[in-house]
Amino acid sequence: MIKNNILKQLNKRKLSFLQLVKKLEVRSDVLENELKSLMDQGLIFYDGNEYALLSDYGLKFGRVVLRKRTFAYVEVKDDEKDYRLSGKMVAGLIVGDYIYVEANPSFSDCHFAGFYKRKESLIGKFIQGKKNGSSYGSLLCSEVGESEIKVVVTKIDDSFKDEIVDGDTCYSIIEDFDRSTIYVKIVSVLVSANEVGSDISDIIVTNGARLVFPDNVKEEVAKLPQEVRAKDYDGRVDLTSHLIVTIDGEDALDFDDAVEVERINDAYKVGVHIADVSFYVKENTEIDKEAYLRGTSIYVADRVVPMLPKELSNGICSLNPNVERLTLSIYLYIDKYGNVFKHEIHPAVIKSKARMTYKQVNSILEGKNEGYSEDIIDLIKLLYEVSQKIRKRRNNNGCLNLSTTEVKFRLDENNEPQEVIKLVQGKGEKLIEDLMIAANVEVANAFVTANVPTLFRIHELPKNKKIESLKSSLLSLNLLNNFPSVINPKSLNFWLLEFKDEGLKNIASDLLLRSLAKARYSAENLSHFGLNEKNYLHFTSPIRRYPDLIVHRLVKQYLLDDHNFNKTELENLLEVKGNLLSELERQAQRIEREVEDLETCKYYAKRIGEVYQGTVTSITNYGLYLELENGLEVLLLMEYISGTNAFVFDEKIGKCICRKTKEEYGLGSKIEVKIFEVDFTRKDVIVQKSDYIAETNNVKELNAERSERTFSSHKDGKKSRFHDKSTKNNGFRKEYNRSKPGDKRGKSFRSNRKPSFRKRGANEKRR
């Protein structure tokens with residue numbers, strides 16, 4: 001209420017702090033906190049004397065998200081695109097700085113209008129003064145971007161001062177700064193340079209994720225029971241005799257959900273049993289606070305960074321086979337058309353009868369015997385039967401069916417990738433996806449019916465600008481035929497079905513995926529466009545997603561126990577939590593993408609010279625991104641298409657063409673390429689066209705030398721000399737280093753080659 005009054009008082013005028021105190025008649029400390037909150041939200045600013053609304057002065061609140069030597073990109077609150085800040089205005093700025101800018105939505109550039117604040121800490125690699133040759137002393141190689149700003153270490157915590165070594169990734173507190181230097185105190189070592197998997201650990205911590213659990217969390221965990229006690233049955237339905245199973249991936253360690261089904265005349269009663277994490281993780285405990293700051297588990301090549309300690313995620317909360325576990329269970333009564341006509345929600349106790357994998361379920365559904373009893377085989381077949389009816393209903397309803405590519409690396413004992421597996425969604429994966437989505441929808445419906453606030457999972461309608469941009473891209477590719485005039489999931493599905501060529505369909509699907517809004521968490525129910533569901537939330541994965549844990553608590557408090565609540569206060573609290581949890585989800589997705597890019601580089605570093613077939617998936621002004629048959633992505637620079645003929649990107653037709661020979665490549669073009677170089681700095685695999693002939697007679701020697709340099713540069717964590725040289729002497733490579741589609745800021749035909757939700761897709765695929 002105070003915030004709204006402040007905004008009302010500042011409308012079209014400036015006021016000092018004392019003037020606001022008098023007009024609002026509030027305590028000065030309360031007003032000070034509210035003003036700071038509004039400034040942090042980018043709604044007001046302070047000019048040193050008075051407060052005012054940013055909107056009244058045409059200002060926008062932004063955060064520096066990319067910093068190069070001569071320019072930066074600023075992410076502006078509530079704007080879909082980022083703005084470019086260049087010239088002298090970038091001096092002194094680093095990634096993470098909050099600033100005010102003047103920006104016209106019709107243009108991509110902005111002007112610096114004022115500095116708000118800098119984050120209080122930096123993460124980076126420690127470099128001893130005697131080794132870096134700097135007159136500053138020891139430095140921290142940190143995420144300040146490609147600027148000339150130095151991060152000088154003024155002090156190291158005494159507890160590890162004698163143990164810190166070059167290359168350790170450290171957490172530091174900013175003590176002071178000026179335009180050219182930041183002075184920091186190192187307070188902890190996050191990743192030791194000598195530990196196995198330190199490269200992946202670096203990606204995790206430098207993106208802001210929490211790698212280890214603090215001692216106070218471990219102390220709380222040690223006090224929790226590791227088995228269900230007799231008193232835990234109070235108020236719960238005993239389902240331990242029911243035929244219930246879990247179905248997950250082969251390498252899964254935590255099991256959120258278990259399922260069962262029985263036929264009732266021409267309908268079905270499906271049980272979806274979800275781990276009752278909220279019973280063990282109480283609100284505002286140390287475990288809960290840490291889980292909230294993590295937001296989600298992170299799944300990367302060599303590990304899982306869990307939201308909860310393994311004693312919970314793999315132990316008492318995991319629905320392991322043949323042991324009693326507490327659940328929050330929902331029974332769905334489903335008719336022969338796949339519609340849920342009734343539901344029941346119960347706290348329960350279950351005992352899973354089998355831990356099944358997708359591979360085993362797929363095998364059973366193909367008629368093979370996996371050694372399970374007849375009752376379990378019959379259960380799987382009946383689960384598949386009802387899931388097919390749910391899927392048919394969903395498809396008829398118009399859920400958006402888009403194709404995505406997901407890969408998995410098989411690592412050796414040294415954490416080096418040895419094999420790439422392109423994942424395919426089989427019947428078992430689809431079965432569980434259908435049941436989990438049905439459960440999520442029904443729980444959301446229960447909240448809406450009861451008029452109780454909750455944390456929805458929303459996926460908003462695509463913006464008109466995005467659709468117009470999509471249509472322009474499709475037009476240049478001659479893919480716009482039959483594009484719907486009315487945009488909804490069903491009409492888009494019909495449009496995709498018009499494509500007879502599977503390759504063109506995948507390109508159109510991918511372009512469409514990139515034009516959609518990002519799914520997020522919100523207290524405001526704005527529906528889910530991709531699923532075409534009016535009400536949707538996340539309920540089925542509380543071990544690995546904090547929003548699900550919030551929903552479980554709300555189910556117990558307000559749907560089952562009917563506690564009193566203030567609707568406005570609850571909605572405001574959920575909105576704040578939803579914003580943070582949405583950001584933490586995006587953080588996890590960035591980490592997963594970066595690790596996948598790193599593993600791709602490591603995989604191909606040992607395969608220099610090998611030839612592969614690739615399909616063009618993105619075109620930029622410096623080269624073509626191709627997806628190889630195994631699902632991994634590589635970069636074909638313009639200069640490596642032909643050694644004699646120059647190729648350029650023609651943005652009007654969306655193709656890479658040779659002015660001399662008229663040879664051209666567009667999205668979907670098939671090109672045979674050979675691995676040429678691995679750039680660990682930008683995490684790109686550089687390829688040449690397989691018949692490329694360099695202007696030197698020593699191609700084999702050059703490739704061998706480059707292979708050795710590439711591998712060596714990865715091992716010691718430094719940029720290769722070859723890369724430095726080519727960057728310095730090659731004008732085209734300069735352009736390549738200046739912008740990259742993965743940064744979402746390159747001048748690219750498809751400006752965001754890796755959508756942040758591509759692992760899950762618009763259909764909210766279950767991991």
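Modeller: Two strands pair if DSSP finds at least two bridges between them. Helices (H or I, at least four residues) and strands (E, at least two residues) are DSSP runs, numbered from the N terminus. This is a predicted model, in which local features need pLDDT of at least 70 and side-chain atom pairs count only at pLDDT 80 or more, while totals for chains, interfaces and linings use all residues. Residues are numbered from 1 along each chain as its sequence is written, and side-chain values use heavy atoms, with hydrogens and water left out.

The part to look at is a closed barrel of 5 strands, in the order β26-β27-β28-β33-β32, whose pairing is mixed. On average, neighbouring strands of this sheet are turned by 55° against each other, direction ignored.

Helix α17 lies across β26 (611-619), β27 (623-628), β28 (633-637), β32 and β33, and runs at about 95° to β32. Here axes are lines fitted to C-alpha atoms, for helices over the stretch in contact, and angles run from 0 to 180 degrees between N-to-C directions. Helix α17 (residues 567-605) also packs with helix α16 (residues 546-560): their axes come within 10 Å and cross at roughly 160°. Therefore α16 and α17 are roughly antiparallel to each other (over 145 degrees; under 35 is roughly parallel, 65 to 115 roughly perpendicular and the rest oblique). The residues in contact (heavy atoms within 4.5 Å) are Y546, P547, I550, L554 and Y558 on the α16 side, and L570, L574, K577 and L581 on the α17 side. The crossing of α16 and α17 is left-handed (the near helix is turned anticlockwise from the far one by less than a right angle; clockwise would be right-handed).

A second sheet is open: 3 strands in the order β29-β30-β31, with antiparallel pairing. Its edge strands, β29 (647-650) and β31 (664-665), each pair on one side only. Strand β30 (residues 655-658) is joined to β31 by 2 bridges, the two running antiparallel. I657 has E664 in β31 as its bridge partner.

T246 is found in strand β14 (residues 245-248) and is buried, with a relative accessible area of 0% (buried is under 20%, exposed over 50% and partly exposed in between, with a 1.4 Å probe and protein chains only). Not counting residues up to four places away in sequence, T246 touches F255, D257, A258, L319, S352, A354, R355 and M356.

By contrast, N322 is in the loop between α9 (310-316) and β19 (324-334). N322 counts as exposed at 54% relative accessibility, and has a positive phi of about 65° although it is not a glycine.
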